[in-house]
Amino acid sequence: MDMATALGDLAVTDETLSAKEKDQLDRDGFLPLPGILGSEQVAAFNTRLAELTAAEGESAGLEVHQEEGADRLSDLINKDPMFDVCFTHPRVLAGMRHVLGEFKVFSLNSRASRPGKGLQGLHADYGEPVQPGAYRVCNSIWLLDDFTADNGATRVVPGSHRWAKLPGTEMADPKDAHPGQVQLLAPAGTVVIFNSHLWHGGTLNSSDRPRRAMHMAFCARDLAQQLDQKAYIRSTTYARLSPAQRFLLDVTADDVARRAS
């Protein structure tokens with residue numbers, strides 16, 4: 001299996017994203033894709049995530065990251081087949097190929113910022129600056145609530161992925177507002193692809209309800225994954241996946257055997 005074959009098997013072509021969409025992703029560093037999920041799918045995801053959050057209790061999100069003021073879950077691909085769409089949707093994969101070229105799954109997590117919480121400093125999801133075009137990580141936000149001006153919608157600084165700078169070295173306080181920032185305001189069911197080198201962060205949730213989303217991230221194939229899929233892959237997960245899906249996770253039957261031994 002190789003990248004071209006895997007993407008072909010998953011119905012990704014050069015026309016899956018339009019030239020205009022690719023240009024927007026290059027220029028701004030983010031691209032909203034409306035209507036990826038229907039309302040019934042959104043409701044089903046929210047129900048399942050609530051079940052997992054309750055079941056995992058204080059351990060929720062521990063595989064990758066826990067955050068004060070937000071409910072987090074990690075390792076979602078192993079926890080229900082319904083999450084497979086997040087790393088196999090052709091429109092999302094086309095964006096990842098455009099940004100990264102050769103890529104694999106980095107991690108799939110969820111984040112629900114609680115009322116009165118959720119403010120993050122502007123940051124990039126890579127620890128050092130990179131030159132334009134040498135991108136290492138690309139993310140997608142799967143909106144499970146409407147993102148509004150007051151419920152903690154993610155803010156981004158358009159074009160900042162091309163600056164080869166990090167907000168922590170350029171701003172006195174990355175939690176401050178940036179003059180170039182915009183909020184990602186869109187209805188539930190939208191998926192926003194964003195270059196992970198783009199400056200971004202959650203804003204304060206001033207509403208009376210959690211603001212829910214999933215983060216499906218991918219990385220260059222030579223980069224270590226945020227969640228080591230080889231270490232976590234379950235035999236039941238591996239059995240249901242196609243060869244192309246296994247390639248994107250970067251897992252093999254040997255990894256399953258090692259985990260079981």
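I'll talk about aromatic pairs and charges over rings in this structure.

Quick housekeeping: this is a predicted model, where local features need pLDDT of at least 70 and side-chain atom pairs count only at pLDDT 80 or more, while totals for chains, interfaces and linings use all residues. Residues are numbered from 1 along each chain as its sequence is written, and side-chain values use heavy atoms, with hydrogens and water left out.

Okay, rings. Phe, Tyr and Trp (six-membered ring) pair if their centres lie within 6.5 Å; planes under 30 degrees apart are stacked, over 60 edge-to-face, and the rest tilted. That gives us three aromatic pairs. One of them is Phe103 with Phe218, edge-to-face at 5.5 Å centre to centre and 90 degrees between the planes. Phe103 sits in strand β3 (residues 103-113) and Phe218 in strand β9 (residues 211-220), so this pair links parts 115 residues apart in sequence. Strands here are DSSP runs of E, at least two residues, numbered from the N terminus, and helices are runs of H or I, at least four.

Buried or exposed? Phe103 is buried at 0% relative accessibility, and Phe218 is buried at 0% too. The cut-offs: buried is under 20% relative accessible area, exposed over 50%, partly exposed in between, with a 1.4 Å probe and protein chains only.

Next, Trp163 and Trp199: centres 5.1 Å apart, planes at 85 degrees, so edge-to-face again. Trp163 is partly exposed at 36%, whereas Trp199 is buried at 2%.

Last, charges over rings, meaning NZ of Lys or CZ of Arg within 6 Å of the ring centre and within 35 degrees of the ring normal. Arg221 lies over Phe247 at 3.8 Å from the ring centre, and Arg246 has its charged end over Tyr238, 3.9 Å from the centre.
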